[in-house]
Amino acid sequence: KVYNVGFRTTGATDFVGTSEASLEKYSYKVRFDKYVDKQKYLKLDEMVLINCYKDPSYMREYLSYLAYKSLDSKYAPLATYATLKINGKDCGLYLCIECVEDAYLNRVMNNNDNNLYKASEGATLESLSSVSLFEQKNGQNETKTDLNAFLEVLHAMPMGSKGNIETVLNVDSALQFIAVNAVVGNYDGYLGKNAKDYYLASNGTQFIVVPWDMNESFGAGNKDNGVTATISTDTPVYRVDMSERPLISKLLAVPEYKTKYDSYVAKLIEFMSGIS
């Protein structure tokens with residue numbers, strides 16, 4: 001039992017479709033340290049309970065995070081299923097996901113002192129103007145100089161060679177991010193037109209790329225209708241040009257990185273084949 005926690009419905013977009021389907025089943029956010037400092041549950045400080053109203057299978061987002069695990073990756077949030085009761089009322093099955101907050105940073109980076117940014121819509125990384133589209137979620141230094149430096153190095157990276165990208169980016173995290181999103185067909189985020197809902201978390205010198213909100217994987221995105229099933233993993237973008245996503249185009253133009261990316265894609269396809 002954990003007492004005195006923050007419990008609320010999630011953002012406004014999660015209400016879209018819920019009432020239309022005549023469902024009294026909302027998604028919730030639970031913050032264990034809202035009223036009791038440093039209080040945790042199973043080492044979590046915050047989690048979301050997803051109603052999966054867009055996903056009758058209840059498996060799209062869960063399998064997407066499980067795909068990361070098949071790569072022995074630690075960068076994806078933890079995910080599992082949970083049944084929920086509120087005031088004795090059975091609310092049914094939910095997908096329970098670890099929030100990218102202090103506990104996540106401690107688990108992945110062994111500290112929660114550094115900067116964490118969440119991308120809002122349009123954070124394409126094409127220019128320094130993308131900096132304004134990142135909300136700072138953690139860290140004392142609010143100048144965003146580290147984010148500016150990352151973008152400057154990315155833009156200066158010559159096509160086909162590394163440049164100085166490894167000084168500011170954990171490249172493995174980015175390659176895994178691109179590979180998983182491509183293989184599970186999640187084009188609602190950075191790989192698609194919206195370029196949103198991912199995190200950049202700093203370990204003090206490098207950023208890691210953290211996935212989030214993968215509920216439209218496996219072709220569930222708007223205007224998809226199965227189109228993304230035919231997209232080549234060599235050009236893993238949808239409704240945009242590769243040049244509009246420099247994190248993808250520049251990394252995959254480096255032969256060493258492309259080879260590593262292809263190995264991740266192969267492992268993911270093997271994993272997906274095994275669960276089909």
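I am working from a predicted model.

**Entry 1: the sheet**

I looked up the strand order. The sheet is open and has four strands, in the order β7-β6-β8-β9. Their pairing is antiparallel. I noted the edge strands next: β7, at 134-138, and β9, at 207-211. Each of these pairs on one side only. On average, neighbouring strands in this sheet are turned by 25° against each other, direction ignored.

I then went to β6 and β8. Strand β6 covers residues 116-119 and strand β8 covers residues 198-202. Three bridges join the two, and they run antiparallel. Which residue of β8 stands opposite tyrosine 117? I found leucine 200 there.

**Entry 2: aromatic pairs that involve β8**

I counted aromatic pairs for the structure and got eleven. I followed up phenylalanine 177 with tyrosine 198. Their ring centres are 6.0 Å apart and the planes stand at 55°, so I logged the pair as tilted. Phenylalanine 177 is in helix α4 (residues 171-183), while tyrosine 198 is in strand β8. The two are 21 residues apart, and the pair links distant parts of the chain.

Are these two residues buried or exposed? The cut-off for buried is under 20% relative accessible area. Phenylalanine 177 has 4%, so it is buried. Tyrosine 198 has 1% and also counts as buried.

My next pair was tyrosine 199 with tryptophan 212. This one is edge-to-face, at 6.2 Å centre to centre with 80° between the planes. Tyrosine 199 lies in strand β8, and tryptophan 212 lies in the loop between β9 and α5 (246-252). The pair therefore ties together parts that are 13 residues apart in sequence. Both tyrosine 199 and tryptophan 212 are buried.

I also checked for clusters. Phe134, Phe177, Tyr190 and Tyr198 form one aromatic cluster.

I moved on to the second largest pocket. It holds about 380 Å³ of space. I listed its lining and got 15 residues. Phe7, Val30, Phe32, Met47 and Leu84 lie nearest the centre of the pocket.

Which elements give two or more residues to this lining? I found β3 (46-50) and β4 (79-86). β4 gives the most, with five residues.

Last, I sorted the lining by residue type. Eleven residues are nonpolar, two are polar and two are charged.

Notes. Residues are numbered from 1 along each chain as its sequence is written. This is a predicted model: local features need pLDDT of at least 70, side-chain atom pairs count only at pLDDT 80 or more; totals for chains, interfaces and linings use all residues. Side-chain values use heavy atoms; hydrogens and water are left out. Two strands pair if DSSP finds at least two bridges between them. Axes are lines fitted to C-alpha atoms, for helices over the stretch in contact, and angles run from 0 to 180 degrees between N-to-C directions. On a 1 Å grid over the protein atoms alone, a cavity is a set of points where a 1.4 Å probe fits but cannot get out, and a pocket is an open set with protein on both sides within 12 Å along at least five of seven lines; lining residues have an atom within 4 Å of a point. Grid points are joined across faces, edges and corners, and a volume is the space filled by probe spheres set on the points. Ala, Val, Leu, Ile, Met, Phe, Trp, Tyr, Cys and Pro count as nonpolar, Asp, Glu, Lys and Arg as charged, and the others, Gly among them, as polar. Rings of Phe, Tyr and Trp (its six-membered ring) pair if their centres lie within 6.5 Å; planes under 30 degrees apart count as stacked, over 60 as edge-to-face and the rest as tilted. Buried means under 20% relative accessible area, exposed over 50%, partly exposed in between (1.4 Å probe, protein chains only).
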